[in-house]
Amino acid sequence: AAEWGYSPTNGPDVWARLFPQAGGARQSPVDICTSIASSDSNLEMKKLTFAYESQSDLRILNTGHGWKVEAPQSGSRLEGGPLGEDIYQLEQFHCHWGETSAEGSEHTVDGRAYAGELHLVHWNTTKYQSFAEAAQHPDGLAVLGVFFDVGNESNDEIEKIVSTLSEIKFKGQFTDIPDVIDPTTFLPSGLGYWTYLGSLTTPPCNECVIWIVYKEPITVTEEQLVQFRCLSACSGEAEEFIVKNYRPPQPLGNRALRECNA
Ligand SMILES: COc1cccc(N2C=Cc3cc(S(N)(=O)=O)sc3S2(=O)=O)c1
Ligand SMILES: [Zn+2]
């Protein structure tokens with residue numbers, strides 16, 4: 001089957017041909033229109049809490065669409081906020097970027113794109129027995145989105161990722177990250193967020209995600225983003241760099257967009 005991607009012939013505009021869910025009514029990402037975000041009081045009451053383990057030797061792989069760190073953490077917990085009474089567990093994290101730092105995030109804020117976006121993917125272990133099963137249900141996954149701003153100070157945690165990228169230049173390659181990774185360090189200091197019901201932003205675009213997008217970006221350097229763009233989408237000699245891997249915003253439709261100023 002033709003491989004999906006981000007070029008005009010296999011990109012977001014044609015995904016729905018191969019992946020029907022991509023044409024659904026609760027797709028992600030969306031443009032976060034801050035004027036319509038409702039500050040929902042009961043989000044304030046149920047504080048969003050997270051607890052992660054620090055892990056070393058996490059496996060990072062080149063998926064052909066970017067890098068992905070497999071981080072199944074049975075000891076991690078994400079709960080509260082929009083997640084009801086269920087507990088979600090970290091499964092993996094990855095990110096999206098653009099050809100230049102003027103674009104790259106998937107969610108936009110009042111039409112403004114950031115230079116990139118990190119996704120921490122969790123699944124509902126209260127209700128479901130496996131990640132794959134959870135991905136088939138409307139409340140199966142919870143993804144934390146964190147925007148990247150470009151600045152002068154490099155992000156030490158992201159640097160641990162960047163330092164492995166030369167070993168996974170080609171699609172299908174993987175390696176272990178020797179450093180200890182603490183997912184908490186990826187989160188901004190300000191914990192205000194927007195939340196809405198959406199989908200996976202890449203095929204199969206399952207409508208199974210409770211999105212939680214932090215308002216405050218974290219800072220990375222241009223050099224770190226340049227390294228992301230050196231990954232190859234191909235498995236062999238042919239070099240087709242992964243210079244952009246973000247889906248443009250999809251219609252919010254009649255979905256509620258709520259905000260919490262933690
Ligand atoms: C359908 O069952 C499965 C099984 C295995 C992996 C996936 N996935 C595919 C895409 C995808 C996109 C994500 S994003 N950018 O919205 O955070 S998270 C994610 S995934 O759940 O890892 C789905
Ligand atoms: Zn993602």
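**Pockets, zinc site and aromatic pairs**

In this predicted model, the lining of the largest pocket is made up of 16 nonpolar, 12 polar and three charged residues. The volume of this largest pocket is about 600 Å³, and among the 31 residues that line it, those closest to its centre are K68, Q92, H94, T202 and P203. Two or more lining residues come from each of the elements β5 (67-70), β7 (88-97), β9 (116-124), α3 (131-134), β10 (141-150) and β13 (209-214), and the greatest contribution is that of β7, which gives five residues to the lining of the largest pocket.

The second largest pocket holds about 310 Å³ of space. Its lining consists of 15 residues, of which G5, Y6, N10, A233 and E240 lie nearest the centre, and by class this lining divides into six nonpolar, five polar and four charged residues.

The zinc ion (ligand 2) is coordinated at 2.0 Å by three histidines, namely H94 through NE2, H96 through NE2 and H119 through ND1. The site of the zinc ion (ligand 2) has four donor atoms, and with angles of 100 to 116° among them it is tetrahedral; for four tetrahedral donors, the ideal angle at a metal is 109.5 degrees. Along the chain, the donors of the zinc ion (ligand 2) follow the spacing H-x1-H-x22-H. Because buried means under 20% relative accessible area, H94 counts as buried at 16%, and H96, at 3% relative accessibility, is likewise buried.

A search of the whole structure finds 10 aromatic pairs. One of these is formed by Y114 and F147, which are stacked, with 4.3 Å from centre to centre and 15° between the planes. Since Y114 lies in the loop between β8 (108-109) and β9, whereas F147 belongs to strand β10, this pair ties together parts that are 33 residues apart in sequence. Both Y114 and F147 are buried.

In another pair, the ring centres of Y193 and Y214 are 6.4 Å apart and the planes stand at 85°, so the arrangement is edge-to-face. Here too distant parts of the chain are linked, as Y193 lies in strand β12 (residues 193-198) and Y214 in strand β13, 21 residues apart. Y193 and Y214 are both buried.

Methods: Residues are numbered from 1 along each chain as its sequence is written. Chains are lettered from A and ligands numbered from 1 in the order in which they are written. This is a predicted model: local features need pLDDT of at least 70, side-chain atom pairs count only at pLDDT 80 or more; totals for chains, interfaces and linings use all residues. Side-chain values use heavy atoms; hydrogens and water are left out. On a 1 Å grid over the protein atoms alone, a cavity is a set of points where a 1.4 Å probe fits but cannot get out, and a pocket is an open set with protein on both sides within 12 Å along at least five of seven lines; lining residues have an atom within 4 Å of a point. Grid points are joined across faces, edges and corners, and a volume is the space filled by probe spheres set on the points. Helices (H or I, at least four residues) and strands (E, at least two) are DSSP runs, numbered from the N terminus. Ala, Val, Leu, Ile, Met, Phe, Trp, Tyr, Cys and Pro count as nonpolar, Asp, Glu, Lys and Arg as charged, and the others, Gly among them, as polar. Donors are N, O and S atoms within 2.8 Å of the metal (3.2 Å for Na, K and Ca); water is not among the atoms, so sites may look incomplete. Four donors count as tetrahedral if all angles lie between 85 and 135 degrees; four count as square planar and six as octahedral if opposite donors are over 155 degrees apart and all others between 65 and 115; anything else is irregular. Buried means under 20% relative accessible area, exposed over 50%, partly exposed in between (1.4 Å probe, protein chains only). Rings of Phe, Tyr and Trp (its six-membered ring) pair if their centres lie within 6.5 Å; planes under 30 degrees apart count as stacked, over 60 as edge-to-face and the rest as tilted.
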